[in-house]
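Trainee: I am new to this structure and would like to learn how to read it. Could we go through it together?

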Amino acid sequence: MQRPPFLRITGLAPLLALLLSACSGNSGAGEVANTAPPTGHYEGAISYQGSELRTALDLRETKSGQLTATLSFPQMPGLDFEAATASYQAPQLRLEEAPGQPGGIVVQAVREGDFLRGVLNWDSVRTDFVWVRRGEAPAPGFRDTTLTLTVPGQPAQRLRLLLPDDTLPRHPALVLLASAADSPAAARRATHLARCGIAALLLPPAAADSGAVLPVAALAALRRQAAVDSGRVGYWGRGTAAPRVAEAAGQQPQPGFAVLEAAAAATRAEAAAYQVFSRQRIPVLAYYAGLDTTVQAAASARRLRPMLGYRRGSQVQVLAGVTADFRRPGRTGPDGQWQWPQPATEYWNGLVEWLKAR
């Protein structure tokens with residue numbers, strides 16, 4: 001790897017000359033190169049209160065000037081995510097895990113040759129970093145494709161379909177339905193599941209606010225895909241989208257299963273919407289995060305269980321001490337050492353195992 005020129009300068013005079021040249025407005029070959037997106041695989045670390053965490057960033061250009069970014073933490077599988085927004089205006093790069101959502105990661109960096117130097121904000125943590133380019137970004141572990149969906153009376157929808165990049169001929173699959181606020185969470189689950197052998201079809205946020213027509217049509221279209229096991233296709237819905245999943249489950253084609261997160265069921269009226277799963281004998285996996293303030297987790301779980309009919313395969317779990325994105329918050333340990341946020345492995349592993357068992 002060739003080091004950028006600024007690292008080869010020695011002495012104050014050459015450094016001042018370089019700074020003056022950069023401010024003069026002259027366009028050199030290096031400046032022209034920097035206008036192209038800084039694609040590639042970057043490695044480095046972030047450090048807070050003496051605790052270091054390895055990081056890896058993969059930047060890919062999908063269209064001219066359009067970036068996708070995946071940030072991962074090799075020491076903690078399950079924390080990786082695809083940034084909801086990724087923008088580059090030379091020499092500045094900005095990534096956001098979940099714009100407008102509390103606790104999300106925001107990366108602001110300046111490109112310096114083969115290096116990215118900047119600041120990472122993660123909830124209340126702010127830390128400087130320097131990441132170095134180590135080559136091209138590797139394959140993402142899934143095929144990122146498009147499924148065109150046509151529904152009578154509506155414009156054609158181009159939906160993102162993630163297919164596992166493995167040798168199996170057919171895979172279980174999920175139609176993911178989320179509101180605008182929960183779209184980053186849906187995308188994060190979709191990429192994780194696709195890497196684990198489960199196909200994922202992402203619906204637009206507007207589908208969470210409408211009826212069941214689009215989800216039902218998407219389920220039918222997904223079942224027709226050559227790489228999908230038509231008998232093992234279900235729905236995923238979170239928060240305000242969960243009742244739409246229940247509504248769609250009552251129609252044909254019937255899903256093979258459903259996954260619900262943060263489904264409000266604290267009152268009898270709220271819980272009644274999910275009785276359809278018991279009537280149609282559809283197994284459900286329902287998760288609640290104990291620190292999620294958007295839903296009454298304990299009360300909702302208590303009312304939801306009888307609505308599902310205690311069917312074999314159905315589960316309702318409340319995970320104590322985890323946030324809405326199923327992470328255990330960072331904290332200072334008894335020894336004074338900073339402990340980085342941890343993925344709730346019982347959620348991520350349990351989700352994959354349950355889906356593969358359907």
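Trainee: At what angle do helix α3 and helix α9 pack, and how far apart are their axes?

Mentor: A quick word on the source: this is a predicted model, where local features need pLDDT of at least 70 and side-chain atom pairs count only at pLDDT 80 or more, while totals for chains, interfaces and linings use all residues. Residues are numbered from 1 along each chain as its sequence is written, and side-chain values use heavy atoms, leaving out hydrogens and water. Helices are DSSP runs of H or I with at least four residues, strands are runs of E with at least two, and both are numbered from the N terminus. Axes are lines fitted to C-alpha atoms, for helices over the stretch in contact, and angles run from 0 to 180 degrees between N-to-C directions. Here, α3 (residues 183–195) and α9 (residues 345–356) pack at about 60°, with axes 11 Å apart.

Trainee: What word describes how α3 and α9 lie to each other?

Mentor: Angles under 35 degrees count as roughly parallel, over 145 as roughly antiparallel, 65 to 115 as roughly perpendicular, and the rest as oblique. The helices α3 and α9 are therefore oblique to each other.

Trainee: Which residues of α3 and α9 meet?

Mentor: Contact means heavy atoms within 4.5 Å. From α3, Arg-188, Arg-189, His-192 and Leu-193 meet Tyr-347, Trp-348, Leu-351, Val-352 and Leu-355 of α9. Sorted by class, this contact has six nonpolar, one polar and two charged residues. For those classes, Ala, Val, Leu, Ile, Met, Phe, Trp, Tyr, Cys and Pro count as nonpolar, Asp, Glu, Lys and Arg as charged, and the others, Gly among them, as polar.

Trainee: How many salt bridges does a search of the whole structure find?

Mentor: A salt bridge is a side-chain nitrogen of Lys or Arg within 4 Å of a carboxyl oxygen of Asp or Glu. The search finds 15. One of them joins Glu-136 and Arg-133, whose closest N and O atoms are 2.9 Å apart.

Trainee: Are Glu-136 and Arg-133 buried or exposed?

Mentor: Buried means under 20% relative accessible area, exposed over 50%, and partly exposed in between (1.4 Å probe, protein chains only). Glu-136 is exposed at 61%, whereas Arg-133 is buried at 19%.

Trainee: Where in the chain are Arg-160 and Asp-144?

Mentor: These two form a salt bridge, with the closest N and O atoms 2.7 Å apart. The pair links distant parts of the chain: Arg-160 is in strand β11 (residues 157–164) and Asp-144 in strand β10 (residues 142–149), 16 residues apart.
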